[in-house]
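Let's take a walk through a protein model together, one piece at a time.

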Amino acid sequence: MRILVIEDEPEMARLIASLLAQAGFVVDRVTSLEDTREAVRQSAYDLLLLDRRLPDGDGISLLPSIRRARPGIRVIMLTALDATKEKVSGFEAGADDYLTKPFEGEELIARVRACLRRPGFDALPILTVGRLSLNPSTRQVLANGTPVVLHRRELMLLEALMRQASRVTTRESLLDEVYSRHEDVQQNTLDTLVSRLRRRLTQVDSGVAIHTLKGLGYMLTEAGA
Amino acid sequence: MKAKSLSLRLVVYLIVGQLAAFAIGWIITISLGLAGVEIFKTSWDELAVPRASALVIESLRRGENGQIRIYPSSALQSEMRRAPSMKYAAFDIEQKKPLEGSSPELAAELPGVIGYSPSHTHFILIGDSTASPLGYTEPRWTPFGKFHIAVYRQKFRWDDVFHAMSTDLKWLIMYLFTAMFMSGAITWFAVRRGLSPLRAVAREAAGVNMQSLNQRLSSVGVPAEIYPLVEAMNDALQRLDAGVARQRRFTANAAHELRTPIAILNARLDAPEEASFRVDLKRDARRIRNIVEQLLAMARINNRPRETNERVDVVAAVRTIAQDSALLAVRSRRQIEFDAPAGPIHVAGSRAALEAVVASLIDNALRAEPESGTVSVRVGEDGTISVEDHGYGVEENERELIFEPFWRKNETTPGTGLGLAIAKELIDMLGGRIWIEDTPGGGATFKIALAAMAHTAK
């Protein structure tokens, strides 16, 4: 998965790039509209992280031509302009998501993953938290390099939680991911499933923890960090 | 727009007013005279004297023999047709002899009177028995020198009112002119003098700037009419002064609040690295971010006051912030729980501002919460937000003070810069309330209540 970061502030660009690289993405960086056009012409990017305030104009102006050139490309706007009006104009211009600076690293990664998970993408990078890794394409889970056998639902739950690592996932969205709409789900079914997965992850010394946050949902983080 | 000078306007009004007063006074006098009041006594026909005399004067010509005589002008002739019984005469002022062309009756009877060189005379010819005089004679200037001009049984016409008035005006012009001049001059002087304190006020006002907003304009000697203006300006100054003081306090406060977490961050970077280094840095950054977000929210509200009246779903807003704080809570070995009614609750406010304040409160609570404790974030059925910790709590007598700018729990420790002063300022701007209660069993509960929005939630 190849991401182009368009950001003119060098330190910010470097940090975003390293954050994304750590999450398993291939990252390129450019600093102007001009360079962006050139980069998009030369390589097939899956996603653009587009800053709005660039030295040679508003990042938004790029969207129509890029969309024409690469119809499937995802675009997340990244900006310090946080007024609702700006957000609306960003979406109207065709952005898939909009993130306001300053943002948390975990949120950026989660948004990028969410954006790329939409239809048309399947080769998502391997998810890694602590000593645990999950390959979304093969559904293979490794703890300390050793394969871990999980039930289908445990695996679905783990994937959902790992995609949102270090961020709260609500009960509702987990239920949506793990159970089909027609299943009659008991109130505590999800809790039971989470408990089972938690036990399993502890057994294999995965180095991750699943936190229950009453009223909010669940959150998977690196244990003891 | 600047209007014309007040003194000038008053003088113009006075002149017009006095002319009108003269006309009205004259009409009243004539009316009283016509009504028979003795000292004003006159008759309609007497009003025709000035016009009739003028007709006679314009009929004076120098005859072939070099003598001045009366050749009735066409106007006089037509007047004679209108008033057949009218008589007229002119007399040489030196020789007291009638000029040729004078009516024989007047020429015969008047020389006796003219002989006394009267200033003017009302007369009745012998045989005409009537109470009021029918004739009038008076020396008048003509193109040929001064002559006694006499008219008798002249007849009133409506325009005689104006002729009579203008004749009287010539008489009285000096009284009128003097009165107008004097009153104009006095008005000019009085206005200038009466308004002179305003010049002092203007000088004072010109000296008011950002540094001297505490000054007030002096109202000494300011006329009662202008006094409310000066008072209103002083009130406006007072409000500006308070507003600017507030802004300054705010800027200082904001800087102070930011300085504290930055100082801590700095110290952390210099001190030997602790196990929790990364989390601590993250927490410091979050604290700075919270303060900056609150400042930005405030700046936005100041620029666009209408933003304080957005429809905000408190449940969604507070849940978002609680979720955002979860990672920090977990990493700091604290728990966070959220409790709210199922549906949305709408209040009037600004979502950005509300989120900034709640984020700040949750961070404060996480810091106050003992390790492995749980911070409870709740939204009540009425939309009241509460953030509950189980730390040391806030003493009763400090509960108001903690929201005051610059207040620190202990002057000897470096500031706690909790952002509460800014939080209060923001909540005040939203028309809401922020306060502290005890957490049952120990600790502080911060509460925020905003005005509910009409229940149209669908």
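Predicted model: local features only at pLDDT ≥ 70, side-chain atom pairs only at ≥ 80, totals over all residues.

Let's begin with an overview of chain A. This chain has eight helices and 13 strands. Of its 225 residues, 35% are buried. Among contacts in chain A with a separation of 6 or more, 57% are between residues 24 or more positions apart.

Now look for a sheet in chain A. Strands of a sheet pair through backbone hydrogen bonds, either parallel or antiparallel. In chain A you can find an open sheet of five strands, arranged in the order β2-β1-β3-β6-β7, and its pairing is parallel. Which strands form the edges of this sheet? They are β2 (26-30) and β7 (97-100) of chain A, each of which pairs on one side only. From one strand to the next, the twist averages 20 degrees.

Let's zoom in on one pair from that sheet. Strand β1 (residues 2-6) of chain A runs parallel to β2(A), and the two are joined over five bridges. To see how they line up, find A:Leu4, which stands opposite A:Asp28 in β2(A). Helices pack against these strands as well. α2(A) touches β1 and β2 of chain A as it packs on the sheet, and its direction makes about 145 degrees with that of β2(A). Another helix, α1 (residues 10-22) of chain A, lies across β1, β2 and β3 (47-51) of chain A and runs at about 165 degrees to β2(A).

The next stop is A:Pro125, in the loop between α5 (105-116) and β8 (127-129) of chain A. With 18 other C-beta atoms within 10 Å, A:Pro125 is partly exposed too. Which residues does A:Pro125 contact, if we leave aside its neighbours within four places in sequence? They are A:Met1, A:Ala23, A:Gly24 and A:Phe25. A:Pro125 and A:Asn135 are 10 residues apart in sequence, and their C-alpha atoms are 7.1 Å apart in space.

Next, turn to the place where the chains meet. Here 13 residues of chain A are in contact with 12 residues of chain B. On the side of chain A, the elements that give two or more residues are β12 (208-213) and β13 (217-222) of chain A. By class, the residues on this side of chain A are six nonpolar, four polar and three charged.

One of its pairs joins β11 (residues 385-388) and β13 (residues 444-449) of chain B, antiparallel over four bridges. Within this pair, B:Ile385 has B:Ile448 in β13(B) as its bridge partner.

Our last stop is a helix of chain B that meets two others. Helix α8 (residues 277-303) and helix α11 (residues 420-429) of chain B have axes that come within 10 Å and cross at roughly 30 degrees. That angle is why α8(B) counts as roughly parallel to α11(B). Their crossing is left-handed. The residues that meet include B:Ile291 and B:Leu295 from α8(B), and B:Ile422 and B:Leu426 from α11(B). This contact has nine nonpolar residues, one polar and one charged.

The axis of helix α7 (residues 227-270) of chain B comes within 9 Å of that of α11(B), and the two cross at roughly 135 degrees. This makes α7(B) oblique to α11(B). Among the residues that meet here are B:Phe250 and B:Ala254 in α7(B), and B:Ala421 and B:Ile422 in α11(B). The contact divides into four nonpolar, one polar and two charged residues.

Methods: Residues numbered from 1 in each chain as written. Chains lettered and ligands numbered in written order. Axes fitted to C-alpha atoms, helices over the stretch in contact; angles between N-to-C directions. Parallel < 35°, antiparallel > 145°, perpendicular 65-115°, else oblique. Left-handed = near helix turned anticlockwise from the far one by under 90°. Contact = placed C-beta atoms within 7 Å. Nonpolar A, V, L, I, M, F, W, Y, C, P; charged D, E, K, R; others polar. Buried ≥ 20, exposed ≤ 12 C-beta atoms within 10 Å, placed from the backbone. Pairing = 2+ DSSP bridges.
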